[in-house]
Amino acid sequence: MKNILTSEQMREADRHTIATEPIASVDLMERAALAFVKAFMQLHRDKNVSILICCGTGNNGGDGLAVARLLQQHGYDNVTVWIARFASRQSTDFATNLAKLHYCPIPVSEFFPSDEFPAVTQSILIDALLGSGLNKLLDGDWLRLVQHLNAARIPSIAVDIPTGLPADGIVPSTAQMLYAREAITFQRPKLSFFFPESAKAMDKFHVVDIGLDEVFIENLPADFKLVEASDIRGILRGRKRFSHKGTYGHALIIAGNTHTMGAALLCAGASVYSGAGLTTACIPAEGLLALNARYPEVMYTPRETLAENWEDADAVAVGPGLGLTVDLQHMLEYPAKPLVLDADALTLLARNKSLMKKLPPNSVLTPHMKEFDRLFGEHSNWWDRVNTARRRAVQHQTVIVLKNQYTFMIMPDGQVYINPTGNPAMASGGMGDVLTGMLTAFLAQGYPPQEATILACYMHGSAGDRLAAEGMAVIPATELIAAIPVTWDAIVQSNC
Ligand SMILES: NC(=O)C1=CN([C@@H]2O[C@H](COP(=O)(O)OP(=O)(O)OC[C@H]3O[C@@H](n4cnc5c(N)ncnc54)[C@H](OP(=O)(O)O)[C@@H]3O)[C@@H](O)[C@H]2O)[C@@H](O)CC1
Ligand SMILES: Nc1ncnc2c1ncn2[C@@H]1O[C@H](COP(=O)(O)OP(=O)(O)O)[C@@H](O)[C@H]1O
Ligand SMILES: [K+]
């Protein structure tokens with residue numbers, strides 16, 4: 001896991017490193033600029049490309065000036081610098097780097113409030129206007145400049161953060177940003193990079209190490225942690241010698257309806273491929289033929305005999321394609337089992353919120369954004385949504401899996417884990433049903449809910465990434481199921 005820091009914590013890590021390494025702050029800026037330049041050179045190998053570097057007068061701008069000098073030293077001979085002199089203050093390290101730039105053959109233009117901006121004639125823009133110091137929405141001259149640069153429609157590479165995107169907190173829907181093709185960010189991704197609102201600010205981000213004190217960073221109290229492959233290898237257990245199907249638990253999937261039987265099949269199939277020793281699908285009888293044809297490994301039970309099967313189950317999923325006519329309240333009166341509630345079960349919960357009190361502790365809810373808002377109220381931004389999820393997870397002692405490109409996994413203690421795997425090729429119907437089947441299988445195998453959740457989300461996205469890397473621009477949910485076992489093996493075998 002890696003701590004994701006607030007901008008205030010990042011400044012603390014910055015101050016701590018300066019004081020204890022020790023290193024002068026201008027030298028830390030140099031290190032950050034060099035890390036940026038190395039990453040930039042990987043992205044843009046053509047040294048003849050014309051580059052415009054736009055700098056503010058804070059430390060982000062200071063980084064930009066150092067980047068200009070270093071790029072020139074690395075053979076990029078066509079660099080131009082613009083300085084936005086819209087603020088009365090300039091940082092000390094900015095001033096030091098400006099003085100150093102005077103010895104380089106780099107043209108520098110300065111722009112003051114109300115100045116006209118010339119046409120952008122360069123091919124690449126480096127955005128060093130504002131970074132983590134952003135403290136209000138862009139307006140006035142800043143906004144004018146950002147609009148002018150956006151209108152140039154050349155690829156922009158942001159230093160640390162695209163100008164106008166807050167590092168954390170609410171990203172207002174009215175916020176305007178300097179659109180970056182890529183952001184090269186220092187030490188840690190910023191929290192807002194994981195919110196869908198950041199799509200307005202950038203396509204991609206790369207994280208570069210600038211040598212801040214990692215031990216200090218990891219000891220800071222952080223509400224948000226980013227999951228890594230090594231965490232998954234730490235959690236995953238191998239299949240044991242002399243084990244048999246009884247070793248790996250029994251998953252019960254309560255799902256499916258006339259027009260949505262596929263959801264039940266996908267969920268049950270994902271359970272089989274995720275290693276549950278036995279999987280039983282509790283579906284309407286009309287789905288039996290399809291179930292046997294598609295996944296003969298899965299057993300069937302009619303809704304009428306649910307109670308007996310519930311007794312035998314080690315974990316239960318309720319919801320995919322279920323419809324809204326089942327009696328969820330009645331099911332919640334059966335003995336407590338590790339439980340996953342998804343799709344229609346979440347809608348039933350939203351219709352009768354008093355059922356939240358009946359959920360066994362550590363039940364896992366897997367809403368996408370709309371299901372979440374139906375359950376817990378409308379939200380106009382992801383910062384608020386994630387914070388509501390934290391409060392509700394603590395209040396109801398549940399795990400909430402708030403699904404998206406980066407899925408937020410919120411634990412009953414309020415800790416949030418961010419899943420880094422997955423890609424837009426997975427944005428197709430049935431993907432959530434697969435996740436529910438995977439989660440249930442891991443619960444059935446005895447993984448505690450927190451581990452089962454992290455494992456399922458990571459492996460789900462990782463299977464999608466694997467298929468995308470093999471050339472699948474769109475991934476049907478059935479293909480993802482088939483890729484689970486090899487993804488599992490690849491995670492176990494990999495050492496990265
Ligand atoms: N570990 C680290 O953290 C390291 C960080 N480094 C670099 O430092 C960057 C942060 O630098 P920074 O703190 O000087 O702030 P920056 O983003 O340049 O803004 C400058 C000033 O602009 C102002 N301002 C804000 N919003 C505004 C708005 N909407 N419209 C107009 N003005 C606005 C505000 O001034 P104020 O309004 O408070 O007077 C703010 O202070 C960081 O992103 C990274 O690139 C590395 O060098 C080394 C390691
Ligand atoms: N762009 C994306 N990047 C990564 N994962 C995605 C993306 N789009 C969808 N997914 C994943 O696919 C699943 C979709 O869930 P859901 O919306 O419930 O699907 P469905 O209801 O069709 O089964 C989630 O786990 C989500 O994280
Ligand atoms: K920037």
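This is a predicted model: local features need pLDDT of at least 70, side-chain atom pairs count only at pLDDT 80 or more; totals for chains, interfaces and linings use all residues.
On conventions, local features need pLDDT of at least 70 and side-chain atom pairs count only at pLDDT 80 or more, while totals for chains, interfaces and linings use all residues. Residues are numbered from 1 along each chain as its sequence is written, and chains are lettered from A and ligands numbered from 1 in the order in which they are written.

Let me start with the core. The largest nonpolar core has 161 residues, with Ile53, Val67 and Ile253 making the most contacts inside it; such a core is a set of buried Ala, Val, Leu, Ile, Met, Phe, Trp, Tyr and Cys residues joined through C-beta atoms within 7 Å, buried meaning that 20 or more other C-beta atoms, placed from the backbone, lie within 10 Å of a residue's own. Helix α8, residues 261-273, gives the most to this core, namely ten residues, and at least three residues come from each of domain 1 (2-222) and domain 2 (229-493), with bounds from an automatic or database domain assignment. Helices here are DSSP runs of H or I, at least four residues, and strands are runs of E, at least two, numbered from the N terminus.

Turning to the annotation, the unreviewed UniProt entry places "domain: YjeF N-terminal" at residues 10-218, an annotation that may be inferred rather than shown by experiment. This span, 10-218, is 35% helix and 18% strand, and its end C-alpha atoms lie 12 Å apart.

Finally, 19 residues surround ligand 2, the closest being Gln405, Gly422, Ala427, Met431 and Gly432, where a C-beta atom placed from the backbone must lie within 6 Å of the molecule. The largest share of that shell, four residues, comes from α15.

Terms used. A residue is buried if 20 or more other C-beta atoms lie within 10 Å of its own, exposed if 12 or fewer, and partly exposed in between; C-beta atoms are placed from the backbone.
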